[in-house]
Amino acid sequence: MKVLVIGGSYFYGRVFVMLTVKQQEITVVNRGTYSMAELGAAQIKGDRRDPALWRELPGDYDAVVDFCAYEPGDIRCVLENMTVKPGQYIFVSTVDVYRRGTGGYKAEDAPYEERILPGEAGAYIAGKVALERELRQVCGEQGVAWTVVRPGILYGPYNYAPRESLFIQMMVRQQILPRITDADGKFQLVYVKDAAEAIRQCLCNPLTYGKAYNICMGEPVTYGRLADTLLQICDGPVREMPMSAEQAQRQGIPLPFAVREQETELYDNGKSLRELGLVYTSLEEGMGKTYRAFKNVYQD
C-alpha cells in the first residue's frame, strides 16, 4: 500500500509514520524542517498551499493521511491538483468540532460548533469544522472516499504541546508535583500510539469510508487522578504541592486541561471500539512510557 502523509514530522504524525513505515510505502510531504529519512520514509519538501506541488507529485497513492490541514482550502488545493486521485483521504480533525455546552457524551453525529469562539483556539476549531465540510464536498466531486479521525487530548513521547510534559519536567528538575485541590473538571486523553493505530485501522478500510471516529479514552481523567498516576509511575523523590487553581495561576503554573466542571466536554468512543477494534492504553501504562521518555530529556 502506498500512503501519502501530509505533515508527519512532529508528534502525532511522526508516531504514525514510525509505526507504519515498515508495513507500507510511506511518502511524507512537508516543509522539510525534520528529515524523515531516518524513519525509512521518502520525503518531498514544499508548501502544501502551492498547487504546483500537487500537480508535480510523482506516482499514485492508495491513501492520503492529512495531519496539517487547518484553513479552508487546504484539502481542496490537494485534491483538485493531484493528477492521479487517491483511493481514500483521511483527515485528522479534533473532538473540538462539536458544539460546546450540550452535555453528555457526544457521539460522531453531534452538531458542529457554529459559533466563532475567541482567540487562537476559536480559529483552530472554526478551521477544522470548515475543513470537515470541505472534505465531504471535494471528495464527492473527485470520487475519493473520505474518513475523519477526531482525537481527544493527545499525550505521549514527542509531544511538543506543553501539557503532561510540564508536570514531568517539574518532577524531574524540581522534585515537586502540584496537586490542584479545587479542580473538578474532567478531560479525555488518548495515548499517541493508540491514535496512530486508529489511522492504521482506517487505511483503505471500506468500513470506514464516509465516517468519522472519536479517538479518546472512554473514562475521563481529573487533575487528581493525573497527579495520582504521575506519583505512581515516578521513580525518584517527588514532593506534592497542594494548591488551588488560582494559586497555580499566580505562580505561573499552566493548567492545560479543563479545570472546572462547566468547562468539561465529553465524547463517546464506542464507535472506535466497535468498528476499529481499538484497545486503549491505560493511563498508568501510557503515562509511564511518557514519563520515562521525558525524564531522559529533562535530566541534567
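Modeller: Lys and Arg count as positive and Asp and Glu as negative, while His and the chain ends are not counted. The place of a charge is NZ of Lys, CZ of Arg, CG of Asp or CD of Glu.

Biologist: How many positive and negative side chains has the chain, and how far apart do the centres of the two sets lie?

Modeller: There are 34 positive and 38 negative side chains, with the two centres 1 Å apart. Please note that this is a predicted model, where local features need pLDDT of at least 70 and side-chain atom pairs pLDDT 80 or more, whereas totals for chains, interfaces and linings use all residues. Residues are numbered from 1 along each chain as its sequence is written, and side-chain values use heavy atoms, without hydrogens and water.

Biologist: What does the secondary structure come to?

Modeller: The chain has 10 helices and 13 strands (DSSP runs, H or I of at least four residues and E of at least two, numbered from the N terminus).

Biologist: And what share of the residues is buried?

Modeller: Of the 300 residues, 53% are buried, meaning under 20% relative accessible area with a 1.4 Å probe, protein chains only.

Biologist: Turning to helix α3, which of its residues are buried?

Modeller: Helix α3, residues 74-81, has six of its eight residues buried: Asp74, Ile75, Cys77, Val78, Leu79 and Asn81.

Biologist: What do those buried residues pack against?

Modeller: They pack against β1 (2-6), α2 (51-55), β4 (63-66), β5 (88-92) and α4 (119-142), where contact means heavy atoms within 4.5 Å.

Notes. Buried means under 20% relative accessible area, exposed over 50%, partly exposed in between (1.4 Å probe, protein chains only).
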